[in-house]
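Q: I've got a protein model open and I'd like to learn how to read it. Can we go through a few features together?

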Amino acid sequence: MDLIDLDLLMMAIPCLSRPDADLLLQAVNSEVRRTLPCLADIIANSGLWAEAVYIVTEALKRPARWIESEQAGPFQVRYRAVLSGKGTVLEASDVAALQALC
């Protein structure tokens, strides 16, 4: 069961390539599943779902924590920290806000 779909991810980070978006989507949803033991209940409640999606998409818009490197010349950005499982998208405050929904 996933909280974020590809469309939501691409709205939050429109510059991602499709392969990076697919990998990041899996990583983010995995992190959300580990964080939220009540994910099924949240998805079933439209108000809670909207709050949870807002928290996660706002976290995705804060890329500084999970960008490994940027390059101005050919406009290259690497997201390997999260994509390789070594990083995280959610900060402690995001985790607390999500867990409060349970």
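This is a predicted model: local features need pLDDT of at least 70, side-chain atom pairs count only at pLDDT 80 or more; totals for chains, interfaces and linings use all residues.

Q: Which cysteines form a disulfide here, and how far apart are their sulfur atoms?
A: That's C38 and C102, with sulfur atoms 1.8 Å apart. The link has -85 degrees about the S-S bond and is left-handed. It ties together distant parts of the chain, 64 residues apart: C38 sits in the loop between α2 and α3, and C102 in the segment after α6.

Q: Is C38 buried or exposed?
A: Buried means under 20% relative accessible area. C38 has 13%, so it's buried. C102, at 49%, is partly exposed, while C15, at 59%, is exposed.

Q: How do I describe two packed helices?
A: You use the angle between their axes and the distance between the axes. Take α4 (residues 46-60) and α6 (residues 92-100): their axes come within 10 Å and cross at roughly 170 degrees. An angle over 145 counts as roughly antiparallel, so that's what α4 and α6 are.

Q: Which residues make the contact?
A: From α4 you have A52, I55, V56 and A59, and from α6 D94, A97 and L98. By class, that's 6 nonpolar, no polar and 1 charged residues.

Q: What does the side chain of D94 make a polar contact with?
A: With the side chain of R62, at 2.3 Å. D94 lies in helix α6 and is buried, with a relative accessible area of 7%. Leaving aside neighbours within four places in sequence, D94 is in contact with I55, A59, R62 and V89.

Technical notes: Residues are numbered from 1 along each chain as its sequence is written. Side-chain values use heavy atoms; hydrogens and water are left out. Axes are lines fitted to C-alpha atoms, for helices over the stretch in contact, and angles run from 0 to 180 degrees between N-to-C directions. Helices (H or I, at least four residues) and strands (E, at least two) are DSSP runs, numbered from the N terminus. Angles under 35 degrees count as roughly parallel, over 145 as roughly antiparallel, 65 to 115 as roughly perpendicular and the rest as oblique. Contact means heavy atoms within 4.5 Å. Ala, Val, Leu, Ile, Met, Phe, Trp, Tyr, Cys and Pro count as nonpolar, Asp, Glu, Lys and Arg as charged, and the others, Gly among them, as polar. Buried means under 20% relative accessible area, exposed over 50%, partly exposed in between (1.4 Å probe, protein chains only). A polar contact is a pair of N or O atoms within 3.5 Å; within protein, one must be able to donate a hydrogen and the other to accept it, and residues adjacent in sequence count only if both atoms are side-chain atoms. A disulfide is a pair of cysteine sulfur atoms within 2.5 Å.
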